[in-house]
Amino acid sequence: MIHVLTLTYLQSRDVVDAHMAGHKEWLRTHADQGRILLSGPKAGGGAVIVTADLDEDQVTGLIESDPWHELGIASYETAAFEARFASPGVVTAPEPDDSVFLINVATTDSPAESVDALAEAVEHVSATAAGFRGSRLLTSVEGDAIVNFAAWSSQEEFDAIFEDPEFTARYQAFAKTTTGAKYRLYRTSRVITPAR
């Protein structure tokens, strides 16, 4: 389950600020380890943390390891939900799993035409393919290339799309709009979050 942790300050702002460095180090450590997906201050005081897909014991351990919890600086209210949809690039598993990321880079003289053609292929996949988690189509700032960044549950499920003649026909139509295209599959090796 994904957990949303709502932190309420129990101490004055001076005490919160005095222990901010330790709390930020805790946040970064757990973000780099894939346990925390998002965090930040709330308007009006307090903060919100969104965890990866953790069980209740993992969330309890996470909270108890926060210096703010140990020092009685903040209380934690938790709400859990099952994550059925996530934007491509958001990895909710706290540990490496079988998921793969596709990065498909294509050079083109007509980015709008190439994006439209690739979108047709990806929309077909989104309606028919098992294991598809979503795609983000990007156009280079210079307008000479497009990138498809897509997430898949496994390499086997990604490979299966090439057995679908409807997909391959749409992908070939896309390829005709490009001057060259190449894709690779990737797995997460390491996560490094901003040091701030």
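This is a predicted model: local features need pLDDT of at least 70, side-chain atom pairs count only at pLDDT 80 or more; totals for chains, interfaces and linings use all residues.
Two or more lining residues are contributed by each of strand E5 (100-107), helix H5 (111-128), strand E6 (132-139), strand E7 (145-152) and helix H7 (165-175). Helix H5 makes the greatest contribution to the lining of the largest cavity, providing four residues. When the lining is sorted by class, 14 residues are nonpolar and three are polar, while no charged residues are present.

Strands that contribute to the lining also take part in a sheet. This open sheet is built from four strands in the order E6-E7-E5-E8, with antiparallel pairing. From one strand to the next, the twist averages 15 degrees. The antiparallel strands E6 and E7 are joined by seven bridges; Leu-138, for instance, has Val-147 in E7 as its bridge partner.

Two helices pack on the sheet. Helix H5 touches E6 and E7, and the direction of H5 makes about 180 degrees with that of E6. Helix H7 touches E5, E7 and E8, and the direction of H7 makes about 40 degrees with that of E5. Both H5 and H7 are also among the elements that give two or more residues to the lining of the largest cavity.

Notes. Residues are numbered from 1 along each chain as its sequence is written. Side-chain values use heavy atoms; hydrogens and water are left out. Ala, Val, Leu, Ile, Met, Phe, Trp, Tyr, Cys and Pro count as nonpolar, Asp, Glu, Lys and Arg as charged, and the others, Gly among them, as polar. Two strands pair if DSSP finds at least two bridges between them. Axes are lines fitted to C-alpha atoms, for helices over the stretch in contact, and angles run from 0 to 180 degrees between N-to-C directions. Contact means heavy atoms within 4.5 Å.
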